[in-house]
Amino acid sequence: MDDDELLTIGAFAARARLSAKALRLYDRLGLLAPARVDAVTGYRYYRAGQIERARLVALLRQLEMPLARIAEVADADAGEAAGLLAAYWADAESRFAVRRTLAEYLRGRLSGRSSEMYGKFTVETVEVPARAVLTETRHVLADELPAWIGASMGRLEQAAGACGGVAAAPYVVYHAAVSMESDGPAESCVPVVDEAAARAWAERHGRTWETRLRVEPARKLAYTRITKAQVAHPQILAAFEAVEEWMKREGLSYDGPCREIYFTDWDAAGPEDPVCDVAFPVR
């Protein structure tokens, strides 16, 4: 068959093993335009050489690939297209793994095994003194949160260098829920040694850096320590809920928003290394 041979939409659909309806949809989506459209009759004609693209588009749609990505893969040469597909599928598997873990977590809750899940966490309390903290606050969704935490902590720790250094473990305060539907806000906090120097720094640079100084009052925290693997959503939800259940049993009430305290080098830590305390201020 000559690649330049023109076929009616019906003949092309039959050879591509697709419906004419699907071909019209691909045209509307900008994924596969007819080679020619008769100006009088409106009949669509396709070249035989478009059959492979039509089949590829159909298969990629079965993978629920976004339209822009489908066009990118279909327009790439063979080697590049394979790489683009591999990258998309790796991301899809990662997202599915998160959903699978969430489903397991929800199944545990719905089947009444919450106490079993919470039993994996040891909850303790600690008294934290008042301290000056440089902070950066942002409305952020769950998928943006890890990157923002890393970037904001880096900015704040750099600023702390001009304020006598970092005085204690950095932490993130959640003033409202952060999820794919709720954007917080979240507040990155880095305690600093020299409050006066930090106040002067914030007055000079705070607006440019979107940074401010505040004094965190002395607090009592109820917390549980978790590993790097447990920081991932939704495992971390079980840790927060375990602390809340413990607070309820101990007759303690909330004295501020929840937080994550990062006390070690995140990049150097392995999946099973303790890296974070999830905590609630209590009274």
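The following dialogue reads selected features of one predicted model.

Student: What does the secondary structure of the chain come to?

Tutor: Helices (H or I, at least four residues) and strands (E, at least two) are DSSP runs, numbered from the N terminus. Here the chain has nine helices and 11 strands.

Student: Why is the chain described as more spread out than a compact globule?

Tutor: The radius of gyration is taken over C-alpha atoms, and the globule rule is 2.2 Å times the number of residues to the power 0.38. For 283 residues that rule gives 19 Å, whereas the chain has a radius of gyration of 27 Å, well over it, so the chain is more spread out than a compact globule. The C-alpha trace spans about 80 × 55 × 35 Å along its principal axes.

Student: How is the packing of two helices read, and at what angle do α1 and α2 cross?

Tutor: Two packed helices are described by the angle between their axes and the distance between the axes. Axes are lines fitted to C-alpha atoms, for helices over the stretch in contact, and angles run from 0 to 180 degrees between N-to-C directions. The axes of α1 (residues 9-16) and α2 (residues 20-28) cross at roughly 100° and come within 9 Å. That makes α1 roughly perpendicular to α2, a class covering 65 to 115 degrees.

Student: Which residues of α1 and α2 meet?

Tutor: With contact meaning heavy atoms within 4.5 Å, Ile9, Phe12 and Ala13 of α1 meet Ala20, Leu23 and Arg24 of α2. By class, this contact has five nonpolar, no polar and one charged residues; Ala, Val, Leu, Ile, Met, Phe, Trp, Tyr, Cys and Pro count as nonpolar, Asp, Glu, Lys and Arg as charged, and the others, Gly among them, as polar.

Student: Is Arg17 buried or exposed?

Tutor: Buried means under 20% relative accessible area, exposed over 50%, and partly exposed in between (1.4 Å probe, protein chains only). Arg17 counts as exposed at 63% relative accessibility, and Glu64 counts as exposed at 68%. Of the 283 residues of the chain, 38% count as buried.

Student: Which residues does Glu241 touch?

Tutor: Leaving aside residues up to four places away in sequence, Glu241 touches Tyr105, Arg109 and Tyr118. Glu241 is in helix α9 (residues 235-250) and is buried, with a relative accessible area of 16%.

Student: Where does Ala76 lie?

Tutor: Ala76 is in the loop between α4 (67-75) and α5 (78-110), and at 18% relative accessibility Ala76 counts as buried. Ala76 touches Ala81 and Leu84, not counting residues up to four places away in sequence.

Technical notes
Residues numbered from 1 in each chain as written. Predicted model: local features only at pLDDT ≥ 70, side-chain atom pairs only at ≥ 80, totals over all residues. Heavy atoms only, no water. Parallel < 35°, antiparallel > 145°, perpendicular 65-115°, else oblique.
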